[in-house]
Amino acid sequence: MGRNSSAIRRRLSQAAFGAALAAPLLFLLAFFVNPLASIFGVSFIRADGGLDLSGFLNIASSSYYRNILAFTAVQAVISTAVTMAIAVPCALVFARYQFRGKSTLLSLATLPFVLPPVVVAAAFIALLGERGLVNDMLLAIGASDDALLRIERTFGLILLAHVFYNVPVALRILVAFLANQSGTPEEAGRMLGANRRQVFRFISVPLLRPALLSAALIVFIFCFSSFGIVLILGGPQFATLEVEIYRQAAGIFNLPLAGALAVVQLGAMLLAMSAYLASTRRTAALYSGKRAARPIRTVRDRIAVACAVVLLGILLFTPLAAILIRAISPDGTVTLRYFALLAQVPRASVLAVPAVQTIGTSLVIACVAAILSVGLGTALSLLIRQTSGRLGRLVDTVTMLPLATSAVTLGFGFIIALSRPPLDLRSSFWMIPIAHTLIGLPFVVRSVLPSLQSIPRSINEAALLLGARPAQRVLYVDIPLVRRALLVGAAFAFTTSLGEFGAGLFLARPNTPTISTAIYRFLGQPGINNYGQAYALSAMLLLVCLLCFLLIERFRPADASEL
Amino acid sequence: MKRLLIPLLTSFGLLVALPAAAQDDVVTLVTHDSFAISESVIQAFQAETGYTLEILRAGDAGILVNQSVLSAGNPLGDVLFGVDNTFLTRALDGDIFLPYASPALEDVPESLQLDADENRVTPIDFGDVCLNYDAEFFAAAGAPPVPESLDALTDPAYAGLLTVQHPATSSPGLAFLMATIAAFGDSDDTDGYTYLDFWRDLAANDVYISEGWTDAYYGQFSGAAGNEGTRPLVVSYASSPAAEVYYAESAPEVQPTGAITGPGTCFRQIEFAGILDGTDNEAGAQALIDFMLTPAFQEDMPLNMFVYPVIPDAVIPQVFADTVTLSDEPVSLDPALIDANRERWIQEWVETVLQ
């Protein structure tokens, strides 16, 4: 009898454990596959059920849409090229030399990665806009009596913002790769009589190629799907696919066309993403080992290091400084008035609530999204570890898909899929947190899965022998061992949610704007009050992101994967 | 962990449930960014009806309507104000309104009642979308004369002077596009110069495209008081010059801005309010519609939103009488025609101007 009931209990517990593992798959089905299917629905199927290709025909036949496609690709290529042109030399310097402050600078350089696009766009307007700091300075020194720098609403400003965003991404990938690459092949080359140039040309570059490719691909992906930067800095003249999806869906209300554009975007992203994943598999170091960085000896060394440090310093920190300066001094006089204004609803304000309330809204959303992402991400990681071979790889790929699906596409899909029974969430609080959970999920899995996989099998086997049930093994063995990775994943999901813009723009309701949508509304309105509030709010968001960033850096395991 | 989980879940549950808790003495008005009304009028509504008025600004008129169509049956508020004749059919087709014939409709001219059969929307105000000019700029020596027709805008003398709004995101922008279609003919016109030719010339003449009216008028237009805009011509309303005089810190000797109201240059825009289907306070919503047609509200609109009252008896402020001329021959297009072609027009416009 006792034996029997314990067997039943075991079976029940196994069933519960299985259900816990299946939950994330159901979640993905309801909130990822379902919205995407709806997008395919509006783009392919007419109201009467027939096949409708008008959206696609429209794209193919109109030079306007072909131009948008071309612009999306070309701007991504140019942005990637400029990014790599800056990141590669800097990475070589960082990998070769040991100098004081290197590791601090290197980790600070990752900061842009966690910054919301709205904040970055605001930063570049504050710095280089027609009434920006650089123009103010030029006016002050009398170089001109009119705004000299006129790059607002040009591709130049978009390019700068993309470079700002992506140099850190490329730098981090390249430096990590270089640091784990043994110097032996180069030394062998030198011993065999090759000169420095030959070693660089025939040994270093070919060895670096997979890392270069993978860094360039991820930068390309980010620029190709750029939304907030192009929407805010480009004005009506510029549109990436993402921006056009938003305009067609929210502004013009041409859902079939928006759907068709989203399908095109999705296809392009899937291609780029699978190329990226393939390239990362090849970056597993060929000649792994530690390369010792050498101290600065000659003047040449000194110049190389100084150039890299100054270049990175200017690129990364002047835009952020510009935000802080504009927050306390939007028009030249120092004041905290605009921070005070955040707590009020001025007459005719574009927000229905005090702006400070948007911070609370976004913090709550980010908490929920982080908790959900960590829970589901951990379950998914366990599932991937458990299922070996092809099935595991399939689940792994499916988990990465939300990364390839842009936030705008996701927001659009939510609007059309989750607004009717059985899943009617239109007026519910949950729309944005769920969308953000999907966006955060890949980060959590990328963080947790490697840690889980590195747990020696013997530990789990020991637990099994000692009679631990599956759930107990997860709770008392696996989770405590990967808690640092969990924390990093949670912080990533939290920060991403906090600054997320594309999905929020679709899903935020006017009575509960998120902090990003609030900044966007302020930036779009003229007048010093709106301008001042935009920067005060941006500064606060910047500081919160900075805190999250420090948390991530503090707990990131030394060998954590980069993405 | 478990000890933490319960309070966490409870607080999230509360957060989720709180906004949903309906208060039946509140009427929520969903409207566009340009909505404004005097505090005293809001107080009067509350005193007269016992309802508290909440105002929710959802963006420009187009976004307002789209968002309402997307949330049909589950609305953001009780009453929507700000759908105009260029978006009317989309809103009506989206089935977002409950019919309501306010007793006060009797006094409203029939020409303004575009849904007289079903009364799903109630006309509240009207105005003309016209070009505005910066008087100081055009008075200066060497400046070209104030343009009197739309044709003139393509003259190189006006290069770089005009700001218009994107018709996809702004209702005056869309209205101005309609005016040009009425003036130059649709793209299938075979007699030569169409509205697209006009816009192509305008784009070549360095027209500035703003996303919305506020950015165009207060951000780019040089005539609006106290801003750093650089363009002396903007698409705005026939009544905007009254605003410049009314809000001027000291009475200006010469009117700082003017409206160009020649025949065929203005588009008549009528704004409507409707009760949103799914409201949990239909009685309050009806009270608000009634109130919007009372003299108190109608006479307050001109100086807040610079539009004309639909009730003929409403007294128009002196500054309006002094500075505003409505167009004698405004352009208007049939809402059904607009609805059948709106997307194509915007599409063609985008392809022509933003290429």
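Author: Two residues are in contact if their C-beta atoms, placed from the backbone, lie within 7 Å. The structure discussed here is a predicted model.

Reader: Which residues of H2(A) and H12(A) meet by that rule?

Author: From H2(A) they are A:Ser54, A:Gly55, A:Phe56, A:Asn58 and A:Ile59, and from H12(A) A:Pro256, A:Leu257, A:Gly259, A:Ala260, A:Leu261 and A:Val264. By class, this contact holds seven nonpolar residues, four polar ones and no charged ones.

Reader: Why are H2(A) and H12(A) called roughly perpendicular?

Author: Helix H2 (residues 54-61) of chain A and helix H12 (residues 255-282) of chain A pack at an angle of about 70°, their axes being 8 Å apart. Angles of 65 to 115 degrees count as roughly perpendicular, and therefore the name applies to H2(A) and H12(A).

Reader: What makes H8(B) largely enclosed by the rest of the structure?

Author: A residue is buried if 20 or more other C-beta atoms lie within 10 Å of its own. Seven of the eight residues of H8(B) are buried, so this helix counts as largely enclosed. The buried ones are B:Trp213, B:Thr214, B:Asp215, B:Ala216, B:Tyr217, B:Gly219 and B:Gln220.

Reader: What do the buried residues of H8(B) pack against?

Author: In chain B they pack against strand E6 (162-165), helix H6 (171-184), strand E7 (208-210) and strand E8 (233-237), and in chain A against helix H23 (515-524).

Reader: How many residues does each chain bring to the contact between chains A and B?

Author: Chain B brings 32 residues and chain A brings 27 residues. On the chain B side, the elements giving two or more residues are helix H1 (2-20), strand E2 (52-57), helix H3 (61-70), helix H8 (213-220) and helix H13 (335-353). That side divides into 15 nonpolar, 11 polar and six charged residues.

Reader: How is chain B divided, and how far apart are the C-alpha centres of its domains?

Author: Domain 1 covers 23-125 + 269-321, and domain 2 covers 128-267 + 327-353. Their C-alpha centres lie 26 Å apart. In chain B, 20 residues of domain 1 are in contact with 23 residues of domain 2. On the domain 1 side, H3, helix H4 (88-93) and helix H12 (318-323) of chain B each give two or more residues.

Reader: What is the mean pLDDT of chain B, and where is the pLDDT below 50?

Author: The mean pLDDT of chain B is 86, and 93% of its residues reach 70 or more. The pLDDT is below 50 over residues 13-22 of chain B, a stretch with four contacts in the model beyond near neighbours in sequence. The model scores ipTM 0.76 and pTM 0.85.

Key: Residues numbered from 1 in each chain as written. Chains lettered and ligands numbered in written order. Predicted model: local features only at pLDDT ≥ 70, side-chain atom pairs only at ≥ 80, totals over all residues. Helix = DSSP H or I, 4+ residues; strand = E, 2+ residues; numbered from the N terminus. Nonpolar A, V, L, I, M, F, W, Y, C, P; charged D, E, K, R; others polar. Axes fitted to C-alpha atoms, helices over the stretch in contact; angles between N-to-C directions. Parallel < 35°, antiparallel > 145°, perpendicular 65-115°, else oblique. pLDDT = per-residue confidence, 0-100. Domains from an automatic or database assignment. Buried ≥ 20, exposed ≤ 12 C-beta atoms within 10 Å, placed from the backbone.
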